[in-house]
Amino acid sequence: MTRVMRLLQFTDSQFPVGTFSFSNGLETASFEKIVTDAKSLEAFAKSQSHQGAFSDGVAAIHAYRAYKNGDYDKCKEIDKYLYAFKMNDEARQMATRMGKKMAELGVRLYGNDFIKGWLEEIISGETPGMYPVAQGIMFAIAGVSEKDLFCSHQYGVINMVLGAALRCVKVSHYDTQLILEKLSDDIEGLYDEASQMELSDMNAFYPELDILASLHEKGNMRMFMN
């Protein structure tokens with residue numbers, strides 16, 4: 001029961017790492033009339049889910065395993081690899097801001113030497129401090145399973161988009177919950193594939209998402225952080 005409570009705590013949209021501040025590119029997609037209704041929102045959220053699964057999801061899994069093996073240097077390697085992997089500055093900024101906040105919370109909640117050292121190296125600039133890596137470390141410390149980590153990661157990606165959609169797309173809560181219900185059916189299959197991938201296998205070929213993110217960096221709309 002404690003494990004389930006930790007999973008709920010870390011996955012809650014109110015967990016203070018700042019997920020509500022970002023739209024994952026949806027703001028620009030809405031502004032450019034690419035996402036206008038429930039159907040196009042579902043397609044957008046699914047693309048974000050798949051892109052996240054085979055990039056951030058893979059990194060989170062490897063960070064989780066590295067912590068379990070007591071391999072601090074491996075976590076730094078994963079962190080730097082993921083930072084370099086990101087195609088646009090907005091994605092890097094989002095991941096590092098949330099990652100630092102997750103590490104700060106980890107120090108307050110657990111305070112072991114691993115997470116303390118991790119935060120110190122983020123502050124000093126020795127490592128970027130990407131959110132998926134911090135997630136992997138935190139979930140391992142809390143005793144939450146690898147599968148639950150991946151599930152939480154996917155929920156976070158999808159829910160960030162759907163939560164933003166309620167503020168900038170003509171959809172209802174019923175629409176967003178139905179989309180979440182549908183996309184949840186894909187998660188186990190995505191985990192089965194992502195869990196077998198090496199870092200070098202990471203891929204995220206959804207060019208339109210990266211183009212939208214680059215537009216958002218200099219766009220005029222400012223409902224969400226960029």
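Student: At what angle do helix H1 and helix H8 pack in this predicted model?
Tutor: The model is predicted. Helix H1 covers residues 2-11 and helix H8 covers residues 131-142. Their axes lie 10 Å apart, and the packing angle is about 155°.

Student: Are H1 and H8 roughly parallel or roughly antiparallel to each other?
Tutor: The angle between H1 and H8 is about 155°. Angles over 145 degrees count as roughly antiparallel. H1 and H8 are therefore roughly antiparallel.

Student: Is the crossing of H1 and H8 left-handed or right-handed, and which residues meet there?
Tutor: H1 passes H8 in a right-handed crossing. By class, the contact has five nonpolar, no polar and one charged residues. From H1 come Arg-6, Leu-7 and Phe-10, and they meet, in H8, Met-138, Phe-139 and Ala-142.

Student: What does helix H7 reach from its first C-alpha to its last?
Tutor: H7 spans residues 113-124, which is 12 residues. At 1.5 Å a residue, 16 Å is expected. The reach in the model is close to that, at 16 Å.

Student: Which elements are included in what covers the buried residues of H7?
Tutor: The buried residues of H7 are Phe-114, Ile-115, Gly-117, Trp-118, Leu-119, Glu-121 and Ile-122. The cover over these residues includes helix H4 (56-68), helix H5 (72-85), helix H6 (89-109) and H8.

Student: Which residue just after H7 takes a positive phi?
Tutor: H7 takes in residues 113-124. Just after this helix, a positive phi of about 85° is taken by Gly-125.

Student: Is Gln-51 buried or exposed?
Tutor: Gln-51 is found in helix H3, residues 38-53. Its relative accessible area is 14%. Under 20% counts as buried, so Gln-51 is buried.

Student: Which residues is Gln-51 in contact with, leaving aside its neighbours within four places in sequence?
Tutor: Gln-51 belongs to helix H3. Once neighbours within four places in sequence are left aside, the contacts of Gln-51 are Asn-203, Ala-204, Tyr-206, Leu-209 and Asp-210.

Student: How many Å apart in space are Gln-51 and Val-157, C-alpha to C-alpha?
Tutor: In sequence, Gln-51 and Val-157 are 106 residues apart. In space, C-alpha to C-alpha, the separation of Gln-51 and Val-157 is 9.7 Å.

Technical notes: Residues are numbered from 1 along each chain as its sequence is written. This is a predicted model: local features need pLDDT of at least 70, side-chain atom pairs count only at pLDDT 80 or more; totals for chains, interfaces and linings use all residues. Side-chain values use heavy atoms; hydrogens and water are left out. Axes are lines fitted to C-alpha atoms, for helices over the stretch in contact, and angles run from 0 to 180 degrees between N-to-C directions. Helices (H or I, at least four residues) and strands (E, at least two) are DSSP runs, numbered from the N terminus. Angles under 35 degrees count as roughly parallel, over 145 as roughly antiparallel, 65 to 115 as roughly perpendicular and the rest as oblique. A crossing is left-handed if the near helix is turned anticlockwise from the far one by less than a right angle, and right-handed if clockwise. Contact means heavy atoms within 4.5 Å. Ala, Val, Leu, Ile, Met, Phe, Trp, Tyr, Cys and Pro count as nonpolar, Asp, Glu, Lys and Arg as charged, and the others, Gly among them, as polar. The expected span of a helix is 1.5 Å times one less than its number of residues. Buried means under 20% relative accessible area, exposed over 50%, partly exposed in between (1.4 Å probe, protein chains only).
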